[in-house]
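Student: I would like a close look at one part of this model, the salt bridges and the strands and loops that go with them. Please keep the account connected and give the cut-offs as you go.

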Amino acid sequence: MAEEYDLVIMGGGTGGYVAAIRASQLGLKTAIVEKRELGGTCLHRGCIPSKALLRSAEVFATAKHGEKFGVMAKEVALDFNKVQERKQSIVDQLHNGVKHLMKQGKIDVYEGFGRILGPSIFSPMPGTVSVEMNNGEENPMLIPKNVIVATGSKPRTLPGLEVDENYVMTSDEALRMESLPSSIIIVGGGVIGIEWASMLSDFGVDVTVLEYSDRIVPTEDHEVSKEAARLIKKKGIKLFTGAKVMGDTLEKGDGVSVQAEHKGEMKTFHADKMLVSVGREANVKNIGLENTTIKVEKGVIQTNEFYQTAESHIYAIGDVIGGMQLAHVASHEGITAVEHMADQEPAPMDYTKVPSCIYSSPEMASVGLTEEAAKEQGHNVKTGKFLFKAIGKALVFGESDGFVKLVADADNDDLLGVHMIGPHVTDMISEAGLAKVLDATPWEVGHTIHPHPTLSEAIGEAALAVDGKAIHS
C-alpha cells in the first residue's frame, strides 16, 4: 500500500503530535508514525508520570509534618500501589486526549516503526517512509512532500552500569517500580537525578547521590545550584559531588554496591537499588538516515534554524537534534518547522527565551543567561536577589527557603536572565519568560504590580533589587 501525504512525522511524542496538529490547522494532509504510544516519552515515561509521583511524595511529606500547621495526623501511611494507580490514570486520561486530537485533526496514525528510504520507485528523492506495522501487516509506503524526524531520545547508561531492572534502573524502569526500595544510589545529580532524589527521599527512601561534576544541577546559576545542594542535604539526602563512579566495581546480590573516586580516595557505596541518571541519547539508529545526506554529529541530527536537515524537505526536531531536550522546546520547534514548510515565514526560536524547570522539592526554574554565562559573553553584569523568607505567602505555605535572582546588563539595562529556587517557582517562571519575549527591563518588571500576598512578589522585589531599590530588604 502506498499513500501520499503533505507531511509524515516520524514520532508521536510531544514535538511530533503538536507539529501534526499545526500542520492540520494549515490544511496539510498529515500522518504520524509511532512505534509505541502517542504522547511519547514525556507523557508515558517522563514529564507527566514523574510529576504525578512527585506530587504524591509532596503530599505524603506534608502529611507527615502536618503538626506545624496544627494538623495532627497520626500514623500517616503510604500505599504505593495507589500512588502508581493515580499516576497511570493521569497518563491514560491525557493519552486519550491526544488520540482525540488526532481524530479531530484528521491526522492518520500508523502504529509501527518508520524508516526513511532512499530514492526509489516511489520517489526520486529520499524521504519515502516504510512502516513496519506493530500488527504484522504489510509495510505501508508513505510518500510525503515533507518529513519531520521527531524520534526523541532514550536514557543513557554508563559502561558497567547496564540496566537489569532488578538492581540497576534508569528513569524508565523506576517509573514502573511496584514497591519502593529502602535505599538507593542515584548516579547523576542533574535535573532528572535530583527530581528522583527529592521524590524518593520524601517517600522515605534513604538516598545517596553521586555526581561527577563539582556541583549538582550544573546548568543552573551557581547560586541556585549552591542553594539546591544545601536544601537537598537538609532533607537528609547524602550528596557527593566530584564523584567518579567506577562501573567495573559494580556488585549485585544483597542489593548493589559500587565504588567511586571522591576527593582523592576510593569509597564504596551500598544500597538496595541503583538509578542511573546521566542524560539521554538521541534515537538516530535504524531510522534510515544512512539513505539520505542528513548529517549526524556527536549523536544528534544537524539542522538549520528552521530545522531543515541537509535534505531540505526533511526536518528534525526535539531531542533528536540535541539542544535543551525539553518537551515544550520540541513542541515549538515542531510548530516552527511546519510553518516554515508551509511558507508562513516563522521567526527562528530564541533559546534564551525558553524557560526550564526542575520539579524537585525545592523547585527550580530559569530563563535566559546565568550570571556566569552573561559575564563570559562580555556583559557588564548587575544582579538583584530577593529571599522567599521575606515573602508572606511563602511563610503561609511553610516553605520559605530559596530566592529569586535577576541578571541584567549594567550598561543598557537589558534583562539577561531570571533564576528561581523555592516554592512553586515552576509556576512563576512564565512571567520572566514573557519579560524576556517583550525585552522588558528590570525597572519594568519591578514596577509591574504584583498582588499581595503572593509568591510572585519575590519577582518584583528582585527586579527592584537590581538597582538597590527593593522595598522589603
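Student: What is the relative accessible area of Glu 372?

Tutor: Glu 372 has a relative accessible area of 23% and is partly exposed. The classes are: buried under 20% relative accessible area, exposed over 50%, and partly exposed in between, with a 1.4 Å probe and protein chains only. The model is predicted, with local features needing pLDDT of at least 70 and side-chain atom pairs counting only at pLDDT 80 or more, while totals for chains, interfaces and linings use all residues. Residues are numbered from 1 along each chain as its sequence is written, and side-chain values use heavy atoms, leaving out hydrogens and water.

The side chain of Glu 372 meets that of Arg 215 in a salt bridge, at 3.5 Å from N to O. Glu 372 lies in helix α9 (residues 371-376) and Arg 215 in the loop between β9 and α7, so the pair ties together parts that are 157 residues apart in sequence. Arg 215 is likewise partly exposed, at 23% relative accessibility. A salt bridge here is a side-chain nitrogen of Lys or Arg within 4 Å of a carboxyl oxygen of Asp or Glu. Helices (H or I, at least four residues) and strands (E, at least two) are DSSP runs, numbered from the N terminus.

The loop that holds Arg 215 also holds Val 217, placed between β9 and α7 (222-234). Val 217 has a positive phi near 35 degrees although it is not a glycine, and with a relative accessible area of 1% it is buried. In strand β9 (residues 206-211) sits Val 207, also buried at 1%. Val 207 and Ile 186 are 21 residues apart in sequence, with their C-alpha atoms 7.3 Å apart in space.

Salt bridges also form a network that links Asp 221, Glu 223, Glu 371, Lys 375, Lys 385 and Lys 405.

β22 pairs on two sides of the sequence record, as follows. With strand β21 (residues 381-387) the pairing is antiparallel over seven bridges, and Phe 386 has Val 404 of β22 as its bridge partner. With strand β23 (residues 415-422) the pairing is antiparallel over six bridges, with Ala 408 standing opposite Leu 415. Strands count as paired if DSSP finds at least two bridges between them. The hairpin of β22 and β23 has five residues between the strands, and among them Asp 413 takes a positive phi near 70 degrees.

Ser 361 and Pro 362 are joined by one, with omega about 15 degrees, and Pro 362 lies in the loop between β19 (356-358) and β20 (363-368). His 452 and Pro 453 are joined by another, with omega about 0 degrees, and Pro 453 lies in the loop between α12 (442-446) and α13 (457-465).

Back to the salt bridges: a search of the whole structure finds 22. One of them joins the side chains of Glu 37 and Arg 45 at 3.1 Å, N to O. Glu 37 is partly exposed at 27% relative accessibility, whereas Arg 45 is buried at 12%. Another joins the side chains of Lys 51 and Glu 195 at 3.2 Å, N to O. This pair links distant parts of the chain, 144 residues apart, with Lys 51 in helix α3 (residues 47-64) and Glu 195 in helix α6 (residues 191-202). Lys 51 is partly exposed at 23% relative accessibility, and Glu 195 counts as buried at 8%.
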